[in-house]
Amino acid sequence: MSAYIVGLAGGIGSGKTAASDWFSRRGIDIIDTDVLAREVVRKNSPALTAIKNHFGDWVLLENGELDRTALREYIFQHAEAREQLEHITHPAIRQLMQERLTQANSTYAILVSPLLFEKQQHLLTHRTLLIDVPEHLQLQRASQRDQHHPAQIQKIIDIQMSRTEKLKLADDVIVNDQDLNHLYQKLEKLHQFYLQQAQQYQQQQ
């Protein structure tokens, strides 16, 4: 691993994307597993073919792309389907993730993943940052942003690792319970720290 890697985690509605966008504007390479997840199931990809073969033709739109809404609703109703889908997609995502990490050119790189700790992806990083937020704010922000019923958001929260466990595992934590300026001020301090850590890391290589 050539670059110094910071893992960025946070549950739904935490402000993880706002944080990664801030780092991106500072010239930091961002490897986002949500983006990679969409890449590996693009039209005619091996992963999408495997999904269709396993679940059926109904997972495809008329144009041959993945019907994300239909598949998401199906997974919510069939718990075992999530594991089946992850068995297909996660190896491809992990391979692509490792390729992008080795290609990073900025002083340090950010690996953004909502499942950073759940899927042991933090083991690929040198340091981890958790964007934390009280659960009631998660529900409020995510339901307003995605226009989903709070009960749907709660289901997503419930299947993710608990806040308590994430807080135990994270090296750095920002409690994002105020406005964006507050978040950005916290990120600026960590950015300077990560630059120093990355420079020391490179000197040791």
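Predicted model: local features only at pLDDT ≥ 70, side-chain atom pairs only at ≥ 80, totals over all residues.
An α-helix has 3.6 residues a turn, so residues three or four places apart point the same way. Helix α1 spans residues 16-25, and its buried residues are Lys 16, Ala 19, Ser 20, Trp 22 and Phe 23. Viewed down the axis of α1, these buried residues lie within an arc of 155°, so they line one face of the helix. They pack against the strands β1 (4-9), β2 (29-32), β3 (108-112) and β4 (127-132), and against helix α9 (180-204). After α1 comes Gly 27, which has a positive phi near 85°.

In helix α4, residues 68-77, the buried residues are Ala 70, Leu 71 and Ile 75. Their directions fall within an arc of 130° seen down the axis of α4, so they too line one face of the helix. The elements covering them include α3 (46-55) and α5.

| Helix | Residues | Arc of buried residues |
|---|---|---|
| α1 | 16-25 | 155° |
| α4 | 68-77 | 130° |

**Packing of α2 and α5**

Two packed helices are described by the angle between their axes and the distance between the axes. For helix α2 (residues 33-40) and helix α5 (residues 79-103), the angle is about 120° and the axes are 9 Å apart. The pair is therefore oblique. The crossing of α2 past α5 is right-handed. On α2, the contact involves Thr 33, Leu 36, Ala 37, Glu 39 and Val 40, while α5 contributes Ala 92, Ile 93, Leu 96, Met 97 and Arg 100. Sorted by class, this contact holds seven nonpolar, one polar and two charged residues.

Technical notes. Residues numbered from 1 in each chain as written. Heavy atoms only, no water. Axes fitted to C-alpha atoms, helices over the stretch in contact; angles between N-to-C directions. Helix = DSSP H or I, 4+ residues; strand = E, 2+ residues; numbered from the N terminus. Parallel < 35°, antiparallel > 145°, perpendicular 65-115°, else oblique. Left-handed = near helix turned anticlockwise from the far one by under 90°. Contact = heavy atoms within 4.5 Å. Nonpolar A, V, L, I, M, F, W, Y, C, P; charged D, E, K, R; others polar. Buried < 20%, exposed > 50% of the residue type's maximum accessible area, 1.4 Å probe, protein only. Arc of directions from axis to C-beta.
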